[in-house]
Amino acid sequence: MTNHHVGSDAIADVSDEKHNYIRDGFYAISRADERKCPDMEITVLMKIEEVTDKINAKITPDMKPTDAFAARKKAMAEIEKDAKDKTGLQPEVVTLYQGARYDLYLYKRYTDVRLVMAPEAQIAFFGGDLDNFEYPRYNLDVSFFRVYENEQAAQDRALPEVEQGRAAGK
């Protein structure tokens, strides 16, 4: 689920000469009626892991700033490669607080995204201001998409550590 104006490029892309889904809206009666969005990608953050100690372990007090920078970059690359090899997810080491903390973000990337529902433009943008966040808002600024893996609707498959945390009530 996202805002209609956020999904509008994908909605326009699946429109054709006979169907203007931006103007007229779209609703898939069944999954077979959903429209593939060829240029849309959904990335889901699956896990965050702190890796500050792993990166700082590669730095020594006698290092020149340029050497320390290179060592941090190398450590980040090693952590990302190891995470990709272990999980198959898209890793990204993120620098926080100007280097006081480093987190490893692990993303699941979906490239098979399909339009399920989008209202017609007149109800999605009622009032003419798509970024008006004053309330009350009298519009239906929403669109629904579904992601697929191997031609099947994707399921919420958390990593084992996340699933264990859910079971433990974390």
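Colleague: Which residue does Asp24 form a salt bridge with?
Modeller: Keeping in mind that this is a predicted model, Asp24 forms a salt bridge with Arg23, and the closest N and O atoms of the pair are 2.8 Å apart.

Colleague: And is Arg23 buried or exposed?
Modeller: Arg23 is exposed, since its relative accessible area is 51%, while Asp24 has 42% relative accessibility and therefore counts as partly exposed.

Colleague: How many salt bridges does the structure hold?
Modeller: There are 13 salt bridges in the structure. One of them is between the side chains of Lys47 and Glu49, at 4.0 Å from N to O, and Glu49 is partly exposed, with a relative accessible area of 26%.

Colleague: What about Arg114, which residue does it bridge to?
Modeller: Arg114 forms a salt bridge with Asp112, where the closest N and O atoms are 2.8 Å apart. Arg114 counts as buried because its relative accessibility is 9%, and Asp112, at 15% relative accessibility, counts as buried too. Through salt bridges that share partners, Lys36, Asp112, Arg114 and Glu151 are joined into one network.

Colleague: Changing topic, where is Asp103?
Modeller: Asp103 is placed in strand S5, which covers residues 101–110.

Colleague: How do S4 and S5 run, parallel or antiparallel?
Modeller: Strand S4, residues 90–96, and S5 run antiparallel and are joined by 7 bridges. The two strands form a hairpin with 4 residues between them, and in that turn Tyr97 has a positive phi of about 50°.

Colleague: Back to Asp103, why does it count as buried?
Modeller: The relative accessibility of Asp103 is 5%, and buried means under 20%, so Asp103 falls into that class.

Colleague: What does its side chain make a polar contact with?
Modeller: The side chain of Asp103 makes a polar contact with the side chain of Arg101, at 2.9 Å.

Colleague: And which residues is Asp103 in contact with, leaving aside its neighbours within four places in sequence?
Modeller: With those neighbours left aside, Asp103 is in contact with Ile48, Glu49, Glu50 and Val51, and also with Glu92, Val93, Val94 and Leu96.

How values were computed: Residues are numbered from 1 along each chain as its sequence is written. This is a predicted model: local features need pLDDT of at least 70, side-chain atom pairs count only at pLDDT 80 or more; totals for chains, interfaces and linings use all residues. Side-chain values use heavy atoms; hydrogens and water are left out. Buried means under 20% relative accessible area, exposed over 50%, partly exposed in between (1.4 Å probe, protein chains only). A polar contact is a pair of N or O atoms within 3.5 Å; within protein, one must be able to donate a hydrogen and the other to accept it, and residues adjacent in sequence count only if both atoms are side-chain atoms. Contact means heavy atoms within 4.5 Å. Two strands pair if DSSP finds at least two bridges between them.
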